[in-house]
Each structure stands twice: as structure tokens, then as C-alpha cells.
Amino acid sequence: MKLLNKSFNGNDPKYRGHLASSSWTLCVGAGVSFSLVPTWYELTKNVVNDAFGWNCSSSEFDRLAGNTKWSLDSLLQGASNKLDLDGAEQDAFYSLLEKHLYSDLLSKMKTPLLKGALQKGLSNPRKLSKDETLALLDYFDTNHSNSTLAQLAMVLNAASSKKQLPLSVINFNADTLLHLLVEIKHIARSNTGPSWDQPKAQYVKSFRGVETSSKDVVPIHHCHGAISPSGNGGIKLKDSRQNIVFRENEYLEIAGTASTWAQTLCLYHAQNSKFVIIGHSLSDPNIRKWLAWSHQNHIKEIQQLLPKDAQTAPAVSPRHIWINVKPSDVMQKELMEISLLHIGVRICWIDSWNDVSNSLENLLAL
């Protein structure tokens, strides 16, 4: 069966409403939190420095990482091994991740009100007071309104009002910022009068397969685990740090297990909806494998529906969409487009990351 290279531009009016009549799943990676929390590389550098008691500069860490030629999950595993050898507490590695995941953002909270609100809101935004909610909303609107994260939160709220909710949000990030922004925007928008009430939730964090969400509420599945700040004003800590997939051991466990929650979750949604992938490099071999399995099954099912006397099979366009910035190099652009066909992904090109919301609004006809 021939696969068509059907990449397109996100603002192309021909694709307006492309997802409007479909079941769709938003799949987000670390790139959506860029500028708010460290990149995976920066987080690895900071955790390794802390675990080994070093103070490597970026250039020194570049040299170390380059000389080993090991992946970042291998280097994080080294940091974890060091903590174990030093007799650190069982959860010491998770504490280091928490510290370096949120420390930069917390340091930018210039008032005790803001800092406390962020710590509390990342765990449970519905425990925030009116003043805390509005202070956080003002901070993000003032400082990060063009971030991919803020654009996604805006689109997800708009999708609710237009009955274009995703089937789920699959979040590969350890931070819980997306849920925080979606919730505070929803709560503030729902309170236009003098009173301050908690509207019905539209999205809820999901940490484990045994946890089920309420009816008519979209789950944000943290399928690689999540970490909320422990200094959250006495709120009961709700996260899944013990399920974090950051170290080599955890990646090896996923690769060698027949049906982890992450695998079954991704396969189900890939089979029953169109993925919209944002902020993910698509370099993770496990995710590529799951997408490939889903695509192969999709092709097989199409072939089963063809008449027995059909002379030729129809050409098929990949149904999953990866939103990415269009490279200036024409050769790179063509290589990227064609190299994803076998996993059932086509590319929605945008000119810059500021175009995420416009492109999603076009695809959903919002």
C-alpha cells in the first residue's frame, strides 16, 4: 500500500477543521515547557553535578557527555547509582529531580504569595484562593504568554467551549505545568462576578492505570510519571515520582515488558484517535515502536476492508500529526517528512513556535 507524503502548513485554510470531526489525542513532550523548566539536557547536567558534588560548567559537561557518547538517561542512571553508593535515602534521586525541575521557576516568584501559589497549584490548582489564582495567571500572562505551554492551555480551554475536547492528553513530561495553566485559566474565566466558585473540572491529572477519571473530564495522562513540589502549603502530595521514566533502568524495563501502562495507553489512543504531537523530538525508540505497530495494524485493517477483486490498494496518508517548525534547509525538510511515513506520522509545519495556537485553532475550526 502506497504511503503519501502529505505534510502541510498549519495555517493552510484547506486544513481548517481537519480534526473537527475526528477523535483526537494531544501528545506533548518536554519542548512544550521550554523556557519555564530546564531542558532534559540541562536537568541532566544539574542532577549529575549535584549527585557527584561537582560544579561542571556547560562546556565541561558537554565535554564529559561527548566523550562518553552515552545517552542522557544513562548519565542520569549514573547520578542515581552514585547516590545509592553513597548511602543516600531511597527517594534521594526523586528529590534531586524535584529540586532541579522547579528551582529556576520558583526563584522567579518574587513574592511569598506567588511562590506559595505555584507550589500549591502544581499539586492541586483547586486548592488555590482567588488571590493566588489571579496572581499566577497574571504572572504567566505577563511573562510566558507566547510560550507553547500557554498556547496549548488557551486552545484546550477553547476546545472545551466548542465541544472539540481531545480524547485524552498524553504527557511525557515530569512537570505538571500544563494542568496548572489549563485549570487556572478555566477557573478565572468561569468567575466573572463578585463571587469565586470552583467550576466543574474539564481536565484532570492521571498518574496510574488504576486511576480512572470522572465522566466528561479529559485525563492528562502522565505516562512517564510526574513530580509535584513537596513544599506545597501542607496539601497532600499527589504525583507519581516512583513511576518516573528518566533513568536507563526505567527505559530498559519498558522495552522489556510486554504491556506497561504507557504502552497500552499509547497504543489504544493511536488506534482510536488521531495524535497531535507537540514538543516531542520523536527520537524515543519506544514511542516510535508503538506508533509503528499502530500504523501497521491500521494498514492491515484497511486492506481487510478492500473488495477481494480490487486491482490496486488506495494510497494512504499518515493520520497522526507532528507539529514542528519548518527548517530552512530544503533537504532536511524532505528527509524529516519521508522518514516518518512508516510510523504513520505526517508533519504540520509552522513558521515559529508562536504559531502553535493558530495552527491548532485552524485544525479544530475553533
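In this predicted model, L180 touches L118, G121, L122, P125, L128, L136 and F140, where touching means heavy atoms within 4.5 Å and residues up to four places away in sequence are not counted. L180 also belongs, together with F140, to the residues with the most contacts inside the largest nonpolar core, which has 73 residues.

Because the model is predicted, local features need pLDDT of at least 70 and side-chain atom pairs count only at pLDDT 80 or more, while totals for chains, interfaces and linings use all residues. Residues are numbered from 1 along each chain as its sequence is written, and side-chain values use heavy atoms, with hydrogens and water left out.

**Nonpolar cores**

- A nonpolar core is a set of buried Ala, Val, Leu, Ile, Met, Phe, Trp, Tyr and Cys residues joined through side-chain atoms within 4.5 Å, and buried means under 20% relative accessible area, exposed over 50% and partly exposed in between, with a 1.4 Å probe and protein chains only.
- The largest core has 73 residues, and helix 4 (residues 92-107) gives the most to this core, with 9 residues.
- As a general background, nonpolar side chains tend to be buried together in soluble globular proteins.

**Helix 1 and its surroundings**

- Helices (H or I, at least four residues) and strands (E, at least two) are DSSP runs, numbered from the N terminus.
- Helix 1 has 13 residues and reaches 18 Å from its first C-alpha to its last, which is close to the 18 Å expected at 1.5 Å a residue, the expected span being 1.5 Å times one less than the number of residues.
- The buried residues of helix 1 are L43, T44, K45, V47, V48, N49 and A51, and what covers them includes helix 2 (58-68), helix 3 (72-85) and helix 4.
- Just after helix 1, G53 takes a positive phi of about 70 degrees.

**Aromatic pairs**

- The structure holds 7 aromatic pairs, in which rings of Phe, Tyr and Trp (its six-membered ring) have centres within 6.5 Å, and planes under 30 degrees apart count as stacked, over 60 as edge-to-face and the rest as tilted.
- One of these pairs is formed by W40 and F246, which are edge-to-face at 6.2 Å centre to centre with 75 degrees between the planes; this pair links distant parts of the chain, with W40 in helix 1 (residues 40-52) and F246 in the loop between strand 5 (218-222) and helix 9 (248-256), 206 residues apart.
- W40 counts as partly exposed because its relative accessibility is 30%, whereas F246 counts as buried because its relative accessibility is 9%.
- W40 and Y251 form a tilted pair, 6.4 Å centre to centre and with 40 degrees between the planes, and this pair links helix 1 to helix 9 across 211 residues.
- Y251 is buried, with a relative accessible area of 17%, and ring pairs link W40, F246 and Y251 into a cluster.

- An open sheet of 8 strands has the order 1-8-7-6-2-3-5-4, with parallel pairing, and two strands pair if DSSP finds at least two bridges between them.
- Strand 1 (8-9) and strand 4 (203-206) stand at the edges with a single partner strand each, so one side of each is left without a neighbour in the sheet.
- Strand 4 pairs with strand 5 in the parallel sense over 4 bridges, and P219 in strand 5 is the bridge partner of V204.
- Strand 2 and strand 6 pair in the parallel sense over 5 bridges, and V276 in strand 6 is the bridge partner of L26.
- Strand 6 is largely enclosed by the rest of the structure, because 5 of its 5 residues are buried; K274, V276 and I278 point one way and F275 and I277 the other way.
- Strand 7 (residues 320-325) runs parallel to strand 6, to which 3 bridges join it, and 5 of the 6 residues of strand 7 are buried.
- Strand 7 is also joined by 6 bridges to strand 8 (residues 345-350), and these two run parallel, with I321 standing opposite R346 in strand 8.
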